[in-house]
Amino acid sequence: MMQSVLRTTAIALLLATVCASAAGPGNDVRLRYKWRDEAGNLHYADSVPPEATRLGYEVVNQQGVVVRRVERAKTAAELAATKAAAEKLAEEKRKADDAARNDAQMLAAYPSEEDLRKSLQAQIDLITQNIQATEVGIASQEKSLAERLVHAAEQERNGKPVPAPVQKQIDTLRTGLTDQKAFLERRTADRAAMEKQLVADLEKYRVLKQRQEEARK
């Protein structure tokens, strides 16, 4: 009986020793904090001091293995710069995505280069017709204005005042001519821009078509 008790006690002590060994320093989950001060000196602590928060620190386990890194606190200027950089990257990505989508739409809308050319030329022709109609209207208004100016001049030579309706017509025609000439100038600029765009779009289309064909090979 006594031997049995001693044997049981010995086994219990052995198990306790094994368990204590298994739960030794290798399995200690207690963490510490490591950082370097501004002079480069290394420090350890059981809690995070303000200096470490400001400079950045590492969380290490009992074996000194880094389990997490915490960057130093950024200044307002650095935070603003980081935000600006992120916004710039996002904007660049948005533009790239838009460009890719527009390229895909161009290829889908125009099966051939000639289809694209005809579409763009049709827009240019429409602007040209608009310009021509405006030029006709300007010529007509200039003729009407000249006639009324001649009539007004005759009245003045005869010592008579220019009739109010005639003067009003003159003022209206002058205002209309100013507006029409400004419109003509804008439409002429639009046509020049479209003609330039035609050349650029055709060149771009050729590049996209070539890439598309190479991707199919």
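User: Which residues touch the most other members in the largest nonpolar core?

Analyst: A nonpolar core is a set of buried Ala, Val, Leu, Ile, Met, Phe, Trp, Tyr and Cys residues joined through side-chain atoms within 4.5 Å. Buried means under 20% relative accessible area, exposed over 50%, and partly exposed in between, with a 1.4 Å probe and protein chains only. Here the largest nonpolar core has 21 residues, of which Met106, Leu116, Leu145, Ile170, Leu198 and Tyr205 touch the most other members. Two or more residues of this core are given by each of α3 (76–109), α4 and α5. The largest share, ten residues, comes from α5. Apart from this core lies another, of five residues, including Trp35, Ala45, Ala52 and Val59.

User: On what kind of model do these values rest, and how are the residues numbered?

Analyst: This is a predicted model, in which local features need pLDDT of at least 70 and side-chain atom pairs count only at pLDDT 80 or more, while totals for chains, interfaces and linings use all residues. Residues are numbered from 1 along each chain as its sequence is written, and side-chain values use heavy atoms, with hydrogens and water left out.

User: What does tyrosine 205 touch?

Analyst: Contact means heavy atoms within 4.5 Å. Not counting residues up to four places away in sequence, tyrosine 205 touches Met106, Leu107, Tyr110, Pro111, Ser112, Glu113 and Leu116.

User: How many helices and strands does the chain have?

Analyst: Helices (H or I, at least four residues) and strands (E, at least two) are DSSP runs, numbered from the N terminus. The chain has five helices and four strands, and along the sequence they follow the pattern α-β-β-α-β-β-α-α-α. Of its 217 residues, 18% count as buried. Among contacts with a separation of 6 or more, 55% are between residues 24 or more positions apart.

User: At what angle do α4 and α5 pack?

Analyst: Axes are lines fitted to C-alpha atoms, for helices over the stretch in contact, and angles run from 0 to 180 degrees between N-to-C directions. Angles under 35 degrees count as roughly parallel, over 145 as roughly antiparallel, 65 to 115 as roughly perpendicular and the rest as oblique. Helix α4 (residues 113–157) packs against helix α5 (residues 164–216) at about 165 degrees, with the axes 8 Å apart. The two are therefore roughly antiparallel.

User: Which classes of residue form the contact of α4 with α5?

Analyst: Ala, Val, Leu, Ile, Met, Phe, Trp, Tyr, Cys and Pro count as nonpolar, Asp, Glu, Lys and Arg as charged, and the others, Gly among them, as polar. The contact of α4 with α5 divides into 19 nonpolar, twelve polar and 13 charged residues.

User: How do the axes of α3 and α5 cross?

Analyst: The axes of α3 and α5 come within 10 Å and cross at roughly 90 degrees, so these helices are roughly perpendicular to each other. Asp103, Met106 and Leu107 in α3 meet Asp201, Lys204, Tyr205, Leu208, Lys209 and Gln212 in α5. By class, this contact has four nonpolar, one polar and four charged residues.

User: Is arginine 69 buried or exposed?

Analyst: Arginine 69, found in strand β4 (residues 66–70), is exposed, with a relative accessible area of 59%. Leaving aside neighbours within four places in sequence, arginine 69 is in contact with Tyr57 and Glu58.

User: Is glutamine 155 buried or exposed?

Analyst: Glutamine 155 lies in helix α4 and is buried, with a relative accessible area of 16%. Beyond its neighbours within four places in sequence, glutamine 155 is in contact with Lys160, Pro161 and Pro163.
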